[in-house]
Each structure stands twice: as C-alpha cells, then as structure tokens.
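This report describes selected local features of one model. The sequence and structure come first.

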Amino acid sequence: MTSETHLRRHLADTLTANGTLRTQPWKNALEATGRHEFLRDGFFQQIEGAVPSAWTPVLPDNPQWLPACYTDTSLVTQIAGTIVPTDIHGHINRLPTSSSTLPSLVIRMLEDLHADDGMHVLEIGTGTGYSTALLSHRLGADLVTSIEYDEDVATRARASLARTGQLPHLVVADGLDGYKANSPYDRIIATCAVHTVPAAWIEQTRPGGQILTTIGGWLGSSELARLTVTDHATASGPLLPGHVSFMFARPHQPPKLGMLPDLDDGHERETRYGIDVLHDWTTRFIAQLAAPRAQHITLTRNGRDEHIILDVAAGTWAALHEHHDARTVRQGGPGTLWNDIEEHLDQWHTAGSPPLDTFTVTVSPHSQSIHW
C-alpha cells in the first residue's frame with residue numbers, strides 16, 4: 001500500500017469514526033479520490049503569530065505537503081483573487097480568496113445533500129474540484145454540472161479532474177445565475193456562502209428537489225440550509241445542526257466601508273446588550289436577522305475602544321462602548337440599528353432562545369425570511 005493510499009484510507013476511517021461519513025457510497029468515493037491531486041500547485045500555510053496575517057507557500061517538494069493534504073483542515077489555494085502558491089517566495093500579507101475545504105465539511109454536505117442514483121446535481125463553486133470529483137464518482141460525471149466564477153481556478157480544477165479520470169460538465173460563469181442549459185436539477189449544492197438565495201437556483205430546481213447552501217450575513221455568522229423547492233418560484237426548509245462557514249460568493253461580499261459617518265453625532269443611551277452578543281455565533285446570527293447588511297469594526301477613539309455597527313447602503317450606524325458595568329450605544333443615520341437588534345434578541349429570548357436548527361428559511365421571488 002502506497003503512502004498516499006494509506007493516508008486516504010486513514011482519512012476515510014477517521015471521518016467514519018467521528019460520524020461525519022455515514023454511508024458506504026460516499027466512503028467509496030472518498031477512498032477512490034486523491035485529495036492531493038487537487039493540490040498539485042501547493043497551498044498556503046498561515047504563519048503563526050504574524051500580525052497582520054501572513055501566508056507562506058507549501059509546495060509538493062515539501063515533505064509536509066502530502067500528509068497535510070489528508071488532514072481534516074481547509075487549505076488556502078489562492079490569495080487576493082489571483083495569487084497561487086507557486087507565485088510566492090517568502091510570504092504574503094493578503095486575504096485568502098479560494099481554498100480546499102476541510103474534508104469533513106465536504107463529506108458532511110454531500111451526505112446532507114441526499115443525492116441518490118440517477119440524480120442530476122448542480123454544484124456552485126468548483127474550487128479545486130475535489131468535491132466535484134467526489135460527486136462524479138458517486139453519481140457519474142455525466143450527471144454533475146459544476147460552475148466556477150474564476151477562470152484560472154476553473155482551469156486548474158479541470159486539469160486536476162482529468163488526472164483522476166473524471167470529466168463532469170464544467171462551466172465558467174457566475175454561479176449565482178445557475179446554469180439553465182442543463183436544468184432542471186434534482187439537487188443544487190453551493191460551496192460558497194450567499195447573503196440571499198438566488199431566484200435562479202429555485203427556478204432551475206425540479207419541484208420536490210433540494211438546494212443545500214450556506215446562508216450568512218456580514219456580521220460573520222452563517223448556517224447551512226436545506227431548502228425544498230415547492231414550485232419554480234418558492235422554496236423553504238430548515239437550518240441544519242452545526243455551524244458552517246464559507247467564503248461569500250464574490251458578488252455577495254460586503255461593500256467597502258468608505259468614509260465613516262460622524263460618529264459623534266446621534267443619540268446616546270444605555271443598552272441592555274453589549275458587544276458580547278456579537279462574540280457568540282448564535283446570538284450574532286440572531287442579530288444579523290435584524291441587520292443583515294450591517295458590518296462590525298472596532299475603533300479606538302478618545303482613548304477608548306468603540307464597536308461600530310454600520311449598514312453602508314442604509315447609512316445607519318450604532319457605536320457601542322462598555323466601561324465597567326455601564327453599556328452605552330450611540331446611534332445615527334435614518335434608522336435605529338441597535339434598537340432593531342435589541343428588539344430581535346428580546347423576541348428570541350422570550351421564545352426560549354430556540355436553537356438555530358429549529359429555524360426555517362423561506363424564499364420567494366421577492367423576499368427571504370429566516371424565522372423560528
């Protein structure tokens with residue numbers, strides 16, 4: 001048994017033991033598909049303790065490369081929208097824009113997709129092509145269509161898939177528009193996060209079919225949802241247990257903050273809730289329901305830290321400050337952003353603080369709601 005084969009089987013056994021890998025067809029797919037084939041151009045490793053965050057390339061000639069390919073971790077494959085590991089000698093201080101998702105999350109989502117023999121699947125976000133290869137092995141490549149927004153990423157994925165003998169339908173386009181030519185689909189799965197579920201996905205899914213996607217807001221909390229299409233215009237379904245985080249689809253990323261408003265303007269009062277509500281994943285998700293387009297930054301002003309919640313498009317903002325046991329909020333703009341968040345948190349607590357996996361997402365042509 002080769003070292004790579006041993007690593008591959010060990011990964012499958014590990015994911016089976018922890019309950020992530022639940023069915024034999026997906027275990028067969030995992031054992032047959034080499035993740036390292038989708039990381040031949042290397043990956044970026046974060047430099048521990050670097051401020052700001054810095055990344056250094058790990059290439060196939062590094063003895064750490066192959067074992068790392070079979071760890072249950074996400075591996076960054078692109079920085080700043082264009083830079084790949086082979087472009088860098090030394091390190092880079094920019095933000096990741098593409099990665100090979102940790103295998104446990106890939107498998108969890110494929111299991112949760114409930115795809116069965118003969119089903120036609122659309123994958124939004126080819127990425128490295130690893131999950132595309134698993135889908136192709138499980139269902140047959142002729143039943144898999146995968147869309148990638150970035151042409152360079154798609155080119156590398158196509159070459160990697162060819163090395164594994166898988167030739168699904170690969171499309172370079174905006175995945176938020178789906179791919180009507182091969183519709184209708186029995187299943188749609190998105191490997192990127194969305195702010196709102198695109199109408200095109202619902203229109204291109206067969207009635208009774210399902211969409212599996214991560215839904216999030218710009219405060220940084222997201223959850224996996226499985227929606228069942230009731231007709232070609234509406235879909236609904238639950239949030240699934242377990243927190244999930246993906247990079248946003250590029251058109252759904254938050255806008256640049258630009259010039260900040262006058263933060264000394266506005267009305268100040270005491271508040272029942274402090275910034276700690278944004279430190280907890282669940283309460284942050286609840287806050288996002290009231291302010292789905294708000295962003296959070298921290299500034300040091302007048303010798304103290306202030307937490308700024310800002311909706312760029314609406315022009316509404318809130319500045320929170322805590323000193324000992326005192327909590328204050330100052331709000332400005334055309335709305336009362338923090339009032340809305342407080343009211344939503346109050347309603348949630350009054351309902352008994354139900355867990356997120358009891359929530360339902362409902363999407364229609366003109367609206368999206370998430371409610372308990």
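## Thr-214 in strand E9

Thr-214 lies in strand E9, residues 205-216. Helices (H or I, at least four residues) and strands (E, at least two) are DSSP runs, numbered from the N terminus. This is a predicted model, in which local features need pLDDT of at least 70, side-chain atom pairs count only at pLDDT 80 or more, and totals for chains, interfaces and linings use all residues. Residues are numbered from 1 along each chain as its sequence is written, and side-chain values use heavy atoms, with hydrogens and water left out.

The relative accessible area of Thr-214 is 0%, so the residue is buried. Buried means under 20% relative accessible area, exposed over 50%, and partly exposed in between, with a 1.4 Å probe and protein chains only. Neighbours within four places in sequence aside, Thr-214 is in contact with Cys-192, Ala-193, Val-194, Ser-222, Glu-223, Leu-224, Val-244 and Phe-246; contact means heavy atoms within 4.5 Å.

## Helix H6

Helix H6 covers residues 151-163; its 13 residues should span 18 Å at 1.5 Å a residue, and the end C-alpha atoms, 19 Å apart, agree with this. The expected span is 1.5 Å times one less than the number of residues.

Val-153, Ala-154, Ala-157, Ser-160 and Leu-161 are the buried residues of H6. They cover an arc of only 125 degrees around the axis, so they sit on the same side of H6. The arc is that of the directions from the helix axis to the C-beta atoms. The elements they pack against are strands E3 (75-79), E4 (96-100), E6 (144-148) and E7 (169-172), and helix H5 (130-139).

## Helix H9

Helix H9 (residues 337-350) has 14 residues and reaches 20 Å from its first C-alpha to its last, close to the expected 20 Å. Leu-337, Trp-338, Ile-341, Glu-342, Leu-345 and Trp-348 are buried in H9. Their arc around the axis is only 130 degrees, which puts them on the same side of H9.

The buried residues of H9 pack against several elements, including helix H8 (281-290) and strand E12 (267-270). Just after H9, Gly-352 has a positive phi of about 95 degrees.

## Packing of H8 on H9

H8 and H9 pack at an angle of about 125 degrees, with their axes 8 Å apart. That makes H8 oblique to H9; angles under 35 degrees count as roughly parallel, over 145 as roughly antiparallel, 65 to 115 as roughly perpendicular and the rest as oblique.

On the H8 side, Thr-282, Thr-283, Ile-286, Ala-287, Leu-289 and Ala-290 meet Asp-340, Ile-341, His-344, Leu-345 and Trp-348 of H9.

Key: Axes are lines fitted to C-alpha atoms, for helices over the stretch in contact, and angles run from 0 to 180 degrees between N-to-C directions.
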